[in-house]
Amino acid sequence: TFFAEVGSAMWQFDETQARTIYAKAINDLRQIIMSYSSAAADAKAAQAADPDALTASFVGIGYRDPMATMGRNLLQVRRQVLLSIAQNDAELALNALADTSGLVLEDGRYGDPNDDALMQELAVMAAPRSPKRALEMALESLKKEITSRHFRILQQLNEVDGEAARTLASAMVSKAKEGKTNSYVLAEFLKSADRSLEAANKKSAKPSPYTVDDARAIAGLFADKISENPNLYDKI
């Protein structure tokens, strides 16, 4: 974290040196994660071989898994490092995200991390300088679900690359049509399309990444949700 912050502070004075410091931060992070992963695997194996492990898990605070706590802390450090780097070099941060994946804990166990939220945050930051890469990340994360971050990515993309923004908007509409998007996200989706289409009517405004048909489709999906739960009408 220290090296990432120093690199960010130096960026405006010497990008070459800042990149070297960023590389140091990423390498240190990678080494720490590798060491943690090895120690976590050993701890998990030892716990599995301990006949009293199951009993100990019911005793309380004193028996909570210290490796799980360490893993969660390390994930926070990783997030802080990557977001710090992304302020100036989102492409490098995205590469480091992929390079350092493979850590965490679900319900106190060891397994692959859920990097969707962090990937979307980095894609928002990457969009102004690396729109094509940001689009790739957004489309990848969209395979799982639509989140509020996708609207932020779309907005950033539309400022620099209208074609990429239209591609993402179309993919988002297609994802919503699968019928698995929750009502709150659909409400935000409808507001986003409405604001964008309205703003596009102003002089010198960017064209909307949405079409009128997109807005109608989203409205229809939300109307279906309202028919199931009339209280959702207050969300629009």
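Predicted model: local features only at pLDDT ≥ 70, side-chain atom pairs only at ≥ 80, totals over all residues.
Helices here are DSSP runs of H or I with at least four residues, and they are numbered from the N terminus. With that naming, Asn88 sits in the loop that connects α4 (66-86) with α5 (90-99).

**Asn88 and its surroundings**
- Asn88 has a relative accessibility of 16%, and it counts as buried because this value falls under the 20% limit.
- The side chain of Asn88 is joined to the side chain of Tyr22 by a polar contact of 3.0 Å.
- When residues up to four places away in sequence are left aside, Asn88 touches Ser8, Trp11 and Arg129 as well as Tyr22.

**The second largest pocket**
- The second largest pocket holds about 350 Å³ of space, and the elements that each contribute two or more residues to its lining are α8 (148-160) and α10 (183-199).
- Its lining is made up of 17 residues, and those nearest the centre of the pocket are Gln155, Asn158, Ser192, Arg195 and Ser196.

**Aromatic rings**
- Four aromatic pairs are counted in the model, under the rule that ring centres lie within 6.5 Å.
- One aromatic cluster is formed by Phe151, Phe189 and Tyr210.

Conventions:
Residues numbered from 1 in each chain as written. Heavy atoms only, no water. 1 Å grid on protein atoms, 1.4 Å probe; cavity = no way out; pocket = protein on both sides within 12 Å on 5 of 7 lines; lining within 4 Å. Points joined across faces, edges and corners; volume = space filled by probe spheres on them. Phe/Tyr/Trp six-rings, centres within 6.5 Å; stacked < 30°, edge-to-face > 60°. Buried < 20%, exposed > 50% of the residue type's maximum accessible area, 1.4 Å probe, protein only. Polar contact = N/O pair within 3.5 Å; in protein donor to acceptor, adjacent residues only side chain to side chain. Contact = heavy atoms within 4.5 Å.
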